[in-house]
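Dear colleague,

Please find below the sequence and structure that I am handing over to you.

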Amino acid sequence: MNVLWLQSGGCGGCSMSLLCADTTDFQGHLRDGGIQLLWHPSLSLASGEEVIELLDALAAGNTLLDVLCVEGSLLRGPNGTGRFHMLAGTGLPMIDWVKRLAARAKHVMAVGSCAAWGGITAGGNNPTDACGLQFEDDQLGGLLGAAFRSGSGLPVINVAGCPTHPSWITDTLMALAANTFNAEDLDPLNRPRSYADQLVHHGCTRNEYYEFKASAEKPSDLGCMMEHMGCKGTQVHADCNIRLWNGEGSCTRGGYACIACTEPGFQEPGHPFHETPKLAGIPIGLPTDMPKAWFVALASLSKSATPKRVKNNAVADHLVVRPAVRKTRLK
């Protein structure tokens, strides 16, 4: 399976994340899966005329393009010309190359939230007119348009995240190489269900604090960060606390709130990332699938039943009260 990787308007963080894949031989890992990385601007040796020849061959259909991976948002400015980002040596804007190559590709994959939705590059007043491949935030459209389908009949596959987990990328590529990926494997925002059918909340080490609504009050506290610290892990689609980063970590395990980086529009939530907006003392962003009345009732009951150990530990930076040692036998 031939894969071409292009980098557009972004920081390159998804490529940096990819280098942390769970293997000591990244290129060998791909080869073992039947994947040939034709070119990557940071990881490949080819440059200059070699790359231009490759791009021309792919655009002409003389070289098979199975997967076009695009990292970074697509810069359409100024005035729709795309000339804010020219592909060096070609005299053409990156958006023109992406359109031409997407028309030839069997699959098109947006790597990261910038390529998927526009991301941070599209923030503020968006001076570069940045967008995603097939979305602008949560609205269909983007560079390729809502009706776009690749050669396989699939829309753009949005491997969203800022950055993406390396395994989200490699697992998706492996599934494509094995011809086991189809439309049913995409969620409503066209993210792979292999990670998007989970919530960041699943597997969070702070879940006991969440259950009792024992909340952190400052960044170093051990408690749940949903009530005061801006954590959106109960709403965000990703398996960060199940498929750990670098095999051992996640944002919440590192003491920082989930900022919803796999979701459209995460870059401008309308409030500081480290604060939870509330209405009448109740967080506006409630857990996915939970009606407001139920949450209020559950929170009230949970707070009244919070063990002293949990309550004290929630506002400390280490365990100050340890679990009691009791017999677990029933007789």
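The notes below begin with the protein overall and then turn to individual residues.

This is a predicted model, in which local features need pLDDT of at least 70 and side-chain atom pairs count only at pLDDT 80 or more, whereas totals for chains, interfaces and linings use all residues. Residues are numbered from 1 along each chain as its sequence is written, and side-chain values use heavy atoms, with hydrogens and water left out.

**Overall picture**

The protein has ten helices and 13 strands; these are DSSP runs numbered from the N terminus, with helices being H or I of at least four residues and strands being E of at least two. Along the principal axes, its C-alpha atoms fill a box of roughly 75 × 45 × 30 Å. Of the 331 residues, 50% are buried. Here buried means under 20% relative accessible area, exposed means over 50%, and partly exposed lies in between (1.4 Å probe, protein chains only). The accessible surface is about 15,900 Å², and carbon and sulfur atoms account for 54% of that surface; the areas come from the Shrake-Rupley method with a 1.4 Å probe, and for residues only the protein chains shown count as cover.

Of the contacts between residues at least 6 apart in sequence, 70% join residues at least 24 apart, where contact means heavy atoms within 4.5 Å.

**Charges and salt bridges**

The 27 positive and 31 negative charges have mean positions 13 Å apart. Lys and Arg count as positive and Asp and Glu as negative, while His and the chain ends are not counted; each charge is placed at NZ of Lys, CZ of Arg, CG of Asp or CD of Glu.

A patch of negative charge on the surface brings together Glu49, Glu50, Glu53 and Asp56. Such patches consist of residues with over 30% relative accessible area and no salt bridge, with like charges joined within 9 Å and nonpolar side chains (Val, Leu, Ile, Met, Phe, Trp, Tyr) within 5 Å. Glu50 belongs to helix 3 (residues 49-60) and counts as exposed because its relative accessibility is 52%.

There are ten salt bridges, a salt bridge being a side-chain nitrogen of Lys or Arg within 4 Å of a carboxyl oxygen of Asp or Glu. One of them pairs Arg243 with Asp171, whose closest N and O atoms are 2.6 Å apart. This pair links distant parts of the chain, 72 residues apart: Arg243 is in the loop between helix 8 (207-211) and strand 12 (278-279), and Asp171 is in helix 6 (residues 166-177). Arg243 is buried, at 19% relative accessible area, whereas Asp171 is partly exposed, at 36%.

Lys303 and Glu227 also meet through their side chains in a salt bridge (3.3 Å, N to O). These two partners are 76 residues apart and link distant parts of the chain, with Lys303 in helix 9 (residues 292-304) and Glu227 in the loop between helix 8 and strand 12. Glu227 is buried, at 18% relative accessibility.

His107 is in strand 7 (residues 107-111) and counts as buried because its relative accessibility is 5%. Beyond its neighbours within four places in sequence, His107 has contacts that include Asp66, Ser150 and Leu176.

Val156 is in the loop between strand 10 (139-140) and strand 11 (157-159), and its relative accessibility is 0%. Not counting residues up to four places away in sequence, Val156 touches several residues, among them Val108, Leu133, Phe148 and Asn190. Ala116 and Val156 are 40 residues apart in sequence, with their C-alpha atoms 8.3 Å apart in space.

**Backbone features**

Two cis peptide bonds may be of interest to you. One runs from Gly77 to Pro78, with omega near -5°, and the other runs from Cys162 to Pro163, with omega near 0°. Pro78 is in the loop between strand 4 (74-75) and strand 5 (86-87), while Pro163 is in the loop between strand 11 and helix 6.

Asn79, a residue other than glycine, has a positive phi near 55° and is exposed, at 81% relative accessible area. Lys213 also has a positive phi, of about 55°, but is buried, at 9% relative accessible area.

Yours sincerely
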